[in-house]
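Reader: I am new to reading structures. Please take one part of this one and look at it closely with me. Then show me how the rest compares.

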Amino acid sequence: MQARVAYVAVGAFVLLLGAALIGLGLWLGSGREAGEFRLFYGYTKDSVASLNLSSRVTYQGVEVGRVEAIELDPEDSTRVRLTFKIRHDVPIKTDTVATLAVQGLTGLGSVELSGGSPDAPLLERTEGSPYPVIPMQPSLMTRLDTALTLAMSTLEQASQRLLVILNDDNAQAIGSILANTKHITGALAGQSDRLDRTLGDLERLAKSGAQAGETLAPRIEQVLRQTEQLLATLRSTGEQVGTTARDSRRQLEYTGGVLLPQVERAVDELGSAAGSLRELGDRLSANPQMLLLGPPQREPGPGER
């Protein structure tokens, strides 16, 4: 009897454990997570082979959601439209950017969100789109691939140009230049003693020039001081001459204002006297006897006796 009770208990425990495992599997398979979420779109032309449904979406390294859907863009088949399921309390701003990433050696893909400055407004959906669209930038692998492609293209162009430059004629010319350079180098090596002496002479000449400059400097300074004193003297003399000229001008103006009218009157009187003397001389020349007989009588006019 006791053995039958033990078998029933074990069987019941196995059934309960199996039901619990089945329930856990169904819950994990449903992909449902607790809490409120918002849906966002993201469009990319990069390969999303490493992504799968329920891939992680992180924001600054913190897991904030999952990839809900992966599909081609119905309006542009060259792009892939990703649907992100992100927690409702995560602030997705207008300057938030999504980037595809690969997690280490596992090769599992994920989506990393970055940006989102404090002053930027929250991202809202636009007209014609059921969800807000998070801008996506090329992934690190895409940027590396682009940079390597550009570098290889540049290297190929440089190699082609180098081959064009190094044709037979130019190679022969470069060989001649190298030979001439070798000859010049050998000649300079043979004249090294002479070059050393020339450099020594130049050094001594530079020292002599410096000493001459030190000797002439006080003399030049003295000449400059004397020149400044002479200029100051000339400047003072010029000011004195100007003052004297201004005083003389004022004195002449005063003298001319007082004496000039008197002189003019004297000159007028002298002119009148000279005219009278000239008239008297003319009359005496014409009639000298008037000195003895006096002036001739004037002819009576009409009606006079």
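This is a predicted model: local features need pLDDT of at least 70, side-chain atom pairs count only at pLDDT 80 or more; totals for chains, interfaces and linings use all residues.

Author: F13 counts as exposed because its relative accessibility is 55%, and the cut-off for exposed is over 50%. F13 sits in helix α1, which covers residues 2–30. Together with V10, V14, L17 and L21, F13 makes a nonpolar surface patch.

The largest nonpolar core holds 20 residues. F84, I86, V111, L113 and I134 have the most contacts inside this core. At least two residues each come from β2 (56–59), β3 (62–73), β4 (76–87), β5 (97–103) and β6 (108–114). β4 gives the most, with four residues.

Take L113 as an example from the core. Set aside its neighbours within four places in sequence. L113 is then in contact with V57, T58, Y59, Q60, V64, I86, I92, T96, V97, A98 and I134. Two of these partners, I86 and I134, are also among the core residues with the most contacts.

Step back to the whole protein. There are five helices and seven strands. The order from the N terminus is α-β-β-β-β-β-β-β-α-α-α-α. The chain has 305 residues, and 14% of them are buried. The accessible surface comes to about 24,000 Å². Carbon and sulfur atoms account for 61% of that surface. Last, consider contacts between residues at least 6 apart in sequence. Of these, 59% join residues at least 24 apart.

Methods
Residues are numbered from 1 along each chain as its sequence is written. Side-chain values use heavy atoms; hydrogens and water are left out. A nonpolar core is a set of buried Ala, Val, Leu, Ile, Met, Phe, Trp, Tyr and Cys residues joined through side-chain atoms within 4.5 Å. Buried means under 20% relative accessible area, exposed over 50%, partly exposed in between (1.4 Å probe, protein chains only). Contact means heavy atoms within 4.5 Å. Patches are made of residues with over 30% relative accessible area and no salt bridge: like charges are joined within 9 Å, nonpolar side chains (Val, Leu, Ile, Met, Phe, Trp, Tyr) within 5 Å. Accessible areas come from the Shrake-Rupley method with a 1.4 Å probe; for residues, only the protein chains shown count as cover. A salt bridge is a side-chain nitrogen of Lys or Arg within 4 Å of a carboxyl oxygen of Asp or Glu.
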